[in-house]
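Please open the model in a viewer and keep the selection panel at hand. The stops below proceed from helix pairs to strands and then to salt bridges.

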Amino acid sequence: MSVTSPSATPVHPSSPEFASLLARIAEGTEERERTQTRPHEVIDWLRDAGFGRLRIPVEEGGGGLSVQELFAALIALAEADSNVAHILRVHFAFVEQQLVNPDASSRARWLELVNSGAIIGNAQSEQNDKAVAGRGLETRAERDPDGVGYRLTGVKYYSTGSLYADYIWVFAAAPDDRLAGIVIPADREGVELVDDWDGFGQRLTGTGTTRFTDVYVAPDEYQDWGPAGQPLPPTVMGAFLQLFLQAVTAGVLRAVRRDAAALVRRRVRSFGHASAEAPAEDPQVLQVVGEIAADAFAAEAIVLAAASRIDAALETVVDGFPSPDAAYEAQVAAAQAKVAIDRFSYATAARLFDAGGASATQAAWQLDRHWRNVRTVSTHNPTFLKATAVGRWVVGGEAPPQNGFF
């Protein structure tokens, strides 16, 4: 699969061009939600703008953003359309892994692919009776009879972004009880993408089934990740992936703030027993909007503070891994961000309806999507497990769990 991005320089998040792009994306969000129209066109706009290259160093063809700067841009994108931001989660995680890839030739190859405009989707999780974040994968890569490549067979679910991707990043069990990371074109023979995600939120992320039926994998598309039972050194990849979800939530809360203000401005009547005739002059209504705004501000500040810990950890990388202490600090920061934001985000999204009357529940406004989206994003990992791990770290110095789901 060949992909070419026409943008020589990625759009900068502080530029008027980025603001214009966000406005164009936001303009169609309600209609896409109402009609369940997949945002393929929007992903193409972002591809053309070089958005997927923002973390790659400038001298290597990217935007040169720090993790904190990237997350600020993702929050803004999630405000415009949280589905679109979420679609790119594993794409940016893939880029992040290549940035610390100690194999120079492999790093260059995959970053060149991203620079070409390719979007990377995921096929990592499975629906089976094995523990989430465990090493028991039923999707397998077996050696091809030709003795050169591999053959991939299995079924994945929660394949967020793959419907919109050019390449798919697959985790699979490998021969000799090993693990493999595989990157293959999304249109390769034997790959089937099914849009069967039926969650009540984030409904356009393509978080459904991916089937692999005897799919050929070339040697340079296959990476051996070592024995299945061997623990990896601490990294920030889990922290990055999990904090990404909080960035999506922070963006949704910014959208709630925006929509609450718009709702109050357009209301022309209130109740006879209200504190003011016009809702926009009612101090109690304004208090609701102010509290929503404060929560949106807090969520964004929390995410960006945690992102700075990831940046700090990346400064310590040697041979592909940060120092353990720096990795732990980043992991705990991301966990704390989720615990904190989940304590108010659902209620904040629901408070939007306190700023309006019954008309705010009309399907034409699609305002219920904010609560549905926040609640769906939060289910990726149990908050109580995060809080417990943070408590163990704070009280006894116990290292947090070392997997991509923490």
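Select α4 (67–80) and α9 (residues 283–314): these helices are roughly antiparallel to each other, because their axes cross at roughly 150° and angles over 145 degrees count as roughly antiparallel, under 35 as roughly parallel, 65 to 115 as roughly perpendicular and the rest as oblique. The axes come within 7 Å; they are lines fitted to C-alpha atoms over the stretch in contact, with angles running from 0 to 180 degrees between N-to-C directions. Helices (H or I, at least four residues) and strands (E, at least two) are DSSP runs, numbered from the N terminus. This is a predicted model, in which local features need pLDDT of at least 70 and side-chain atom pairs count only at pLDDT 80 or more, while totals for chains, interfaces and linings use all residues. Residues are numbered from 1 along each chain as its sequence is written, and side-chain values use heavy atoms, with hydrogens and water left out.

Now display the side chains of V67, Q68, F71, A72 and I75 in α4, which meet E300, V303, L304, A307, S308, I310, D311 and L314 in α9 (contact means heavy atoms within 4.5 Å). This contact comprises 9 nonpolar, 2 polar and 2 charged residues; Ala, Val, Leu, Ile, Met, Phe, Trp, Tyr, Cys and Pro count as nonpolar, Asp, Glu, Lys and Arg as charged, and the others, Gly among them, as polar.

Next, select α8 (residues 237–266) and α12 (residues 368–378), whose axes lie 10 Å apart at an angle of about 165°. This pair is therefore also described as roughly antiparallel, and α8 passes α12 in a left-handed crossing. On α8, colour L245, V248, T249, V252, L253, A255, V256, R258 and D259; their partners in α12 are R369, H370, V374 and V377. By class, the contact of α8 with α12 holds 8 nonpolar, 2 polar and 3 charged residues.

Which angle separates α10 (residues 324–342) from α13 (residues 383–396)? The angle is about 135°, with the axes 9 Å apart, which makes α10 oblique to α13. Their crossing is left-handed. From α10, the contact draws on Y328, E329, V332, A335, Q336, K338, V339 and D342, and from α13 on T383, K386, A387, V390 and W393. These residues divide into 7 nonpolar, 2 polar and 4 charged.

Turn now to the strands and select β7 (residues 209–217), which runs antiparallel to β3 (residues 150–156) and is joined to β3 by 6 bridges. Two strands pair if DSSP finds at least two bridges between them. Y150 stands opposite V217 in β7. Strand β6 (residues 191–194) also pairs with β7 in the antiparallel sense, over 4 bridges, and V194 stands opposite T209.

Finally, select E60 and R107, whose side chains meet in a salt bridge at 2.6 Å, N to O. The pair links distant parts of the chain, 47 residues apart: E60 lies in the loop between α3 (40–48) and α4, and R107 in α7 (residues 104–115). The model contains 26 salt bridges, each a side-chain nitrogen of Lys or Arg within 4 Å of a carboxyl oxygen of Asp or Glu.

Notes:
Left-handed = near helix turned anticlockwise from the far one by under 90°.
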